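The sequence and structure come first.

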Amino acid sequence: SYNVMQARHPTWKAIDETLTAYIPADTKERIVKAKDSRKPISIVIPQTYATLEILLTYMTAALLEDPMFRFEGVGPEDIVGAILLEKVLQHQCYYTKAQMALHTMFRDGFCYGVSGVSPVWLTEVGWVSRKMPGIPSPIDQMLGRVPGPTRVSVEEVLFEGNKLVNIDPYRFLPDPGVSIEHIQDGEFVGWIEADSVIGLLKEEKTNDMLFN
């Protein structure tokens, strides 16, 4: 899959250049900038870049309106459950900034003709301060005193829920045996991820499938 996909990379890099607002400073402008960095010089906005921004603005307004993921019950008994599920998922979207992930997916699709996003289960663990009842010492027990509450730091799950992770098109590995619009009909789909030791250790802490 990578051997097939990398043939597209030079074309994609050329597209990246046309979708970037840039400053073509000539000799005269470089002299002006050297004298005073605050002086404005010409900025080029490519027409393809402007068109892309218009398309993204439309997609954002049309598809990222709250609630993004909407549910309806099959019967009267499902109405309350559907409403609760919609609220829970909307809260997770706010917390994990799902709108940004979907916006990036739209942009990759318009730019490269292919884009991917993967839902993952996120578990965040951290230290929080909790008020705990005081533990009486032997002297307190002898005198009949009840110690006041104390604050201690405990490690707890801060958040647990769905998160959307964008897949870099340059690292996306679909099945080349099927066309990209029929990706669900392929034998496989994968992608390459770059991580650090700290990231792996953090994931190991909340994932029983990972160790050592």
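In this predicted model, Arg 70 and Glu 65 join their side chains in a salt bridge, with 3.5 Å from N to O. The structure holds three salt bridges. Side chains of opposite charge can pair when their charged atoms come close.

**Salt bridges**

- In the pair of Arg 70 and Glu 65, Arg 70 is exposed because its relative accessibility is 53%, and the cut-off for exposed is over 50%. Glu 65, at 49%, is partly exposed.
- Arg 130 pairs with Glu 156 in a salt bridge whose closest N and O atoms are 2.8 Å apart.
- Glu 155 forms a salt bridge with Lys 205, and their closest N and O atoms are 2.5 Å apart. This pair links distant parts of the chain, with Glu 155 in strand 2 and Lys 205 in helix 8 (residues 197-206), 50 residues apart.
- Glu 155 is partly exposed at 35% relative accessibility, whereas Lys 205 is exposed at 57%.

**Nonpolar surface patch**

- Ile 79, Val 80, Ile 83 and Leu 84 make up a nonpolar patch on the surface, and together they have about 390 Å² of accessible area.
- Val 80, one of these residues, sits in helix 5 (residues 79-96). Its relative accessibility of 58% counts as exposed.

**Gln 90 in helix 5**

- Gln 90 also lies in helix 5, but this residue is buried, with a relative accessible area of 9%.
- Which residues does Gln 90 touch, leaving aside those up to four places away in sequence? They are Asp 66, Pro 67, Met 68 and Gln 99.
- Gln 90 and Met 68 are 22 residues apart in sequence, while their C-alpha atoms are 7.2 Å apart in space.

**Cysteines**

- How many disulfides does a search of the whole structure find? The search returns zero.
- Cys 93 is buried, with a relative accessible area of 5%.
- Cys 111 is buried as well, because its relative accessible area is 9% and buried means under 20%.

Conventions: Residues are numbered from 1 along each chain as its sequence is written. This is a predicted model: local features need pLDDT of at least 70, side-chain atom pairs count only at pLDDT 80 or more; totals for chains, interfaces and linings use all residues. Side-chain values use heavy atoms; hydrogens and water are left out. Patches are made of residues with over 30% relative accessible area and no salt bridge: like charges are joined within 9 Å, nonpolar side chains (Val, Leu, Ile, Met, Phe, Trp, Tyr) within 5 Å. Accessible areas come from the Shrake-Rupley method with a 1.4 Å probe; for residues, only the protein chains shown count as cover. A salt bridge is a side-chain nitrogen of Lys or Arg within 4 Å of a carboxyl oxygen of Asp or Glu. Helices (H or I, at least four residues) and strands (E, at least two) are DSSP runs, numbered from the N terminus. Buried means under 20% relative accessible area, exposed over 50%, partly exposed in between (1.4 Å probe, protein chains only). A disulfide is a pair of cysteine sulfur atoms within 2.5 Å. Contact means heavy atoms within 4.5 Å.
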